[in-house]
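Dear colleague,

I am passing on the structure we spoke about, and my notes follow directly below it. Please read them with the coordinates open.

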Amino acid sequence: MTYAADSPNRTNAASHLRFLTELVGWTATPWALHRLGWAVSIAALVLLIGLPAVVGTPGDRPFDPPVAIPGAAMLLLVLLEVTAAAVAPWFAWPTWAAVVATALAATSVLLEQPRWRWLLHH
């Protein structure tokens, strides 16, 4: 059995920064997609918030996910979140805010490398 302590995804600078990055994606993506319709914005929220809340790699969180998925699949979801946080602000926010959001996402990617390596092996 895998335990949460096995993952380098515990409360540290990387996990806090990742959460801020996710918040940017959760906020900016529906805002950027609202031109396509409210249903598209809601679907984006379900994908960005709902899916990772239901699925996960055992040992990556302090609790077992309702639906277990391999680490590589979880990494794809993480990449989706980071991409949303880096791209959507350019379509929704002023340039200075998009620059800050992209820098936040890039920093998160750098600091998350130990977790990403862990996910690829689980």
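This is a predicted model, in which local features need pLDDT of at least 70 and side-chain atom pairs count only at pLDDT 80 or more, while totals for chains, interfaces and linings use all residues. Residues are numbered from 1 along each chain as its sequence is written, and side-chain values use heavy atoms, with hydrogens and water left out.

I begin with the charged residues. Taking a salt bridge as a side-chain nitrogen of Lys or Arg within 4 Å of a carboxyl oxygen of Asp or Glu, the count comes to 4 salt bridges. One of them joins Asp60 to Arg115, with the closest N and O atoms 2.6 Å apart; because Asp60 lies in the loop between S1 and S2 and Arg115 in helix H6, the pair ties together parts that are 55 residues apart in sequence. (Helices, H or I of at least four residues, and strands, E of at least two, are DSSP runs numbered from the N terminus.) Asp60 is buried at 1% relative accessible area, where buried means under 20%, exposed over 50% and partly exposed in between, with a 1.4 Å probe and protein chains only. Arg115, buried at 4%, also forms a salt bridge with Glu112 at 3.1 Å between the closest N and O atoms, and Glu112 is itself buried at 3%. Salt bridges that share partners join Arg18, Glu22, Asp60, Glu112 and Arg115 into one network.

Glu22 is buried at 19%, and Arg18 at 12%.

Arg61, in the loop between strand S1 (55-56) and strand S2 (67-68), is another matter: it is buried yet has no salt bridge, and the nearest side chain of opposite charge (Lys and Arg count as positive, Asp and Glu as negative, with His and the chain ends not counted), that of Asp60, is 5.0 Å away. A polar atom of the Arg61 side chain does lie 2.4 Å from the backbone oxygen of Pro52, and one lies 3.1 Å from the backbone oxygen of Val55.

How values were computed:
Polar contact = N/O pair within 3.5 Å; in protein donor to acceptor, adjacent residues only side chain to side chain.
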